[in-house]
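Please find below a colleague's note on the structure shown here. It is set out as numbered points, to be read beside the coordinates.

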Amino acid sequence: MHDADKIEAVMRYHERTKHQFNRYARGPGQLDWANQPNPFRRFDGEALVHLPILSPDEAPHSPRYENLYHPGSVPSAPFTLRSLSRLFEYALAISAWKQAGTTRWALRCNPSSGNLHPTEGYLLIGPLAGLAGTPGLYHYVASEHGLERRADCPLELFSQLTRALPPQAFLVGLSSIHWREAWKYGERAFRYCQHDVGHAIGTLRLSAATLGWSAWVLHGLADETVDDLLGLNRAEDFADAEREHPDLVLAVWPTDRAQDGRCAARRVLALDVDPSAARQLTRQRWYGRANRLSRDDPVPWEVIDAVALASRKPASKPEGFEVPDAPAVEREAGASADGPAAAQIIRQRRSLLACDGRTGVAAERFYGMLERVMPRVELAAPQRPVPWDAIPWDANLHLGLFVHRVDGLEPGLYMLVRDPAKLGKLRRAMHERFAWSTPPGCPVDLPLRMLEAGDARRLATQLSCHQDIAGDGAFSLGMIAEYQDALFTHGPWFYRRLFWEAGLIGQVLYLEAEAAGVRATGIGCYFDDPVHQVFGLNDLAFQSLYHFTVGGPVDDPRLTTLAPYGESSLRSPDRDSSSDSMSAIGGRHCGPGRLRPRDTQASYRNGVLRIELPKAEGARAR
């Protein structure tokens, strides 16, 4: 039985932090710029091992972006310091610096709400030439693209920790500093921290895919074990610093290839870490003290502390993972030798600041983007497509779409059912008047349904805190979670997993938008219950957890793009419409700082949202 009090605490937090038409969730009111947290954590007193800065022409070379999604098309890179550098480069590193006048800020490969970056990365690895001759725990320093050693790990202990993992496996850990988000967003910040964990799962899995490697979230670990593995419970190392909260640990491993191209016998591994071995790590030699991020003490947000405590994960039975010793190397049908390199798409990813209100996407491309977020739940988790093969749980989120400018598709409301078996459940929960018709040209295996035709631009804008980006793009969407059943089935800790899944969907859409020649951004500021009422969701069975928009970006010629790590500064050659600015109040559109009221065809009276979709304009720009 799950702890009813903790489930109630999580659900109370969720209700309390909803935005409504008549009020926003509690925030700081105004930003204390003098106390803005440092986006870069360091552990003072320890030497930094700089990872090699590799040019695009240096090995390991980037595969084509398209081939990340075709198993067997990317050969496994050798396990070296250079390949490890690539893994962190594409996952958590700085992708560029932006400058406007005298103001300069960093962008990273992993998206973050308001570019505040609450997520920290860790590495627990065996001996590696160029890094160390003995195993150890390291903290990744994005500002320097380097690793600082946090703890020694005897070889025998490292073998115990990785006993249930494939050969050459190592661990990558993630933690969150809630204060970095709460400084700007207040009580709703816990949600945004979890989104960013999901983004980072996506960047890590896709980065591993560029090397032909595998990655898997160790779902059975308790948060207490994650604390032990990453040293987050060492009070003496955080004595005067903002604390980090445990999120997860992923196993990452190179995939050895058989010379003859045949698949060898498969082994089923638990993919877990022995908690007693993790506790032994806490008794080894540790190094460094965390730097303080803000000048003054963080503003206390007790509701965040309460939900973080209530949603801590206990240990659970790990999922079995079928590991092929030597997967086939022949190129899968559909793999491509053309198209942009994965490195190009990953590095150029930005969050758009504004949509031009004109650019659309073709229906074929739109369908292709949606196919990429389908996890193929009929398959066992390890056999699912990238990046859905990294998470052991089934799909819990579905996409409610506001289609505006998709050539060949009628504007209106649509629903993508990411687990086809849930179509009936969603249909019963939503408005009876919805059509649930299959749009023309939709692939047979893509469960996309049109609910209602009409011009949804104003509606989308209003629901997303009156932000124009939701109505000015090609399409926007809300990620609708099977909320209540997930908490009652798995426990209160699964609340965070729901947001991780949302962030992972978002990361896929970010890269798909770049590959399509448009741009995307997450929207954290939306009116929760009015969104539910638009779709006819009248109870807690389904809840909207994240919004997103895709469209043509508006350039900002005032911004200059600089190379990430000390190279010569360059004028940006690509679209430059990033909202990833430390000084942008509405960065990644998570708070009400950029709101602009607009006339709408909706009313909200006596707790009821009344909306009528107007018919689409016949001569609307595409």
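This is a predicted model: local features need pLDDT of at least 70, side-chain atom pairs count only at pLDDT 80 or more; totals for chains, interfaces and linings use all residues.

1. The disulfide. A search of the whole structure returns one disulfide. Its partners are Cys 465 and Cys 525, with an S to S distance of 2.2 Å. The link between Cys 465 and Cys 525 is left-handed, with -90° about the S-S bond. Distant parts of the chain are joined in this way, as the two cysteines are 60 residues apart. Cys 465 belongs to the loop between helix H12 (457-463) and helix H13 (469-472), and Cys 525 to the loop between strand S20 (519-523) and helix H16 (528-535).

2. Burial of cysteines. How exposed or buried is Cys 465? Cys 465 has a relative accessible area of 0% and is therefore buried, the cut-off for burial being under 20%. Cys 525 also counts as buried, because its relative accessibility is 0%. Two further cysteines may be listed here: Cys 109 is buried at a relative accessible area of 3%, and Cys 153 counts as buried at 2% relative accessibility.

3. Helix H16. The loop that holds Cys 525 lies between strand S20 and helix H16, and H16 itself is mostly covered, with eight of its eight residues buried. Which residues of H16 are buried? They are Asp 528, Asp 529, Pro 530, Val 531, His 532, Gln 533, Val 534 and Phe 535. Just after H16 comes Gly 536, which takes a positive phi of about 80°.

4. Strand S15. Strand S15 (residues 397-403) is mostly covered, since seven of its seven residues are buried. In a regular strand the side chains alternate between the two faces of the sheet. For S15 both faces are covered: one side carries Leu 397, Leu 399, Leu 401 and Val 403, the other His 398, Gly 400 and Phe 402, and all of these are buried.

5. Partners of S15. Which strand is joined to S15 by seven bridges? This is strand S19 (residues 475-482), and the two run antiparallel. Within this pairing, Gly 400 has Gly 478 of S19 as its bridge partner. Strand S17 (residues 412-416) is also antiparallel to S15 and is joined to it by five bridges. There, Leu 399 has Leu 416 of S17 as its bridge partner.

6. Strand S5. Strand S5 (119-125) is likewise mostly covered, and seven of its seven residues are buried. Both of its faces are covered, with Thr 119, Gly 121, Leu 123 and Ile 125 on one side and Glu 120, Tyr 122 and Leu 124 on the other, all buried. Glu 120 is thus a charged residue among the buried residues of S5.

7. Partners of S5. Six bridges connect S5 with strand S8 (residues 170-176) in an antiparallel arrangement. Glu 120 has Ser 175 of S8 as its bridge partner. S5 and S6 also run antiparallel and are joined by four bridges. In that pairing Leu 124 stands opposite Leu 137 in S6.

8. Cavities. How many cavities of 30 Å³ or more does the model contain? The count comes to six. The largest cavity holds about 100 Å³ of space and is lined by 14 residues. Those lying nearest its centre are Arg 108, Thr 119, Glu 120, Tyr 140 and Ala 142. Strand S5 and strand S6 (136-141) each supply at least two residues of this lining. By residue class, the lining of the largest cavity divides into six nonpolar, five polar and three charged.

9. A sheet of three strands. The model includes an open sheet of three strands, in the order S4-S3-S22 and with antiparallel pairing. Its edge strands are S4 (103-108) and S22 (560-562), each of which pairs on one side only. Neighbouring strands of this sheet are turned by 30° against each other on average, direction ignored. Strand S3 (residues 94-100) pairs with S4 over six bridges in the antiparallel sense, and Lys 98 stands opposite Trp 105 in S4. S4 ends at residue 108, and Arg 108 is one of the residues nearest the centre of the largest cavity.

How values were computed: Residues are numbered from 1 along each chain as its sequence is written. Side-chain values use heavy atoms; hydrogens and water are left out. On a 1 Å grid over the protein atoms alone, a cavity is a set of points where a 1.4 Å probe fits but cannot get out, and a pocket is an open set with protein on both sides within 12 Å along at least five of seven lines; lining residues have an atom within 4 Å of a point. Grid points are joined across faces, edges and corners, and a volume is the space filled by probe spheres set on the points. Two strands pair if DSSP finds at least two bridges between them. Axes are lines fitted to C-alpha atoms, for helices over the stretch in contact, and angles run from 0 to 180 degrees between N-to-C directions. A disulfide is a pair of cysteine sulfur atoms within 2.5 Å. Buried means under 20% relative accessible area, exposed over 50%, partly exposed in between (1.4 Å probe, protein chains only).
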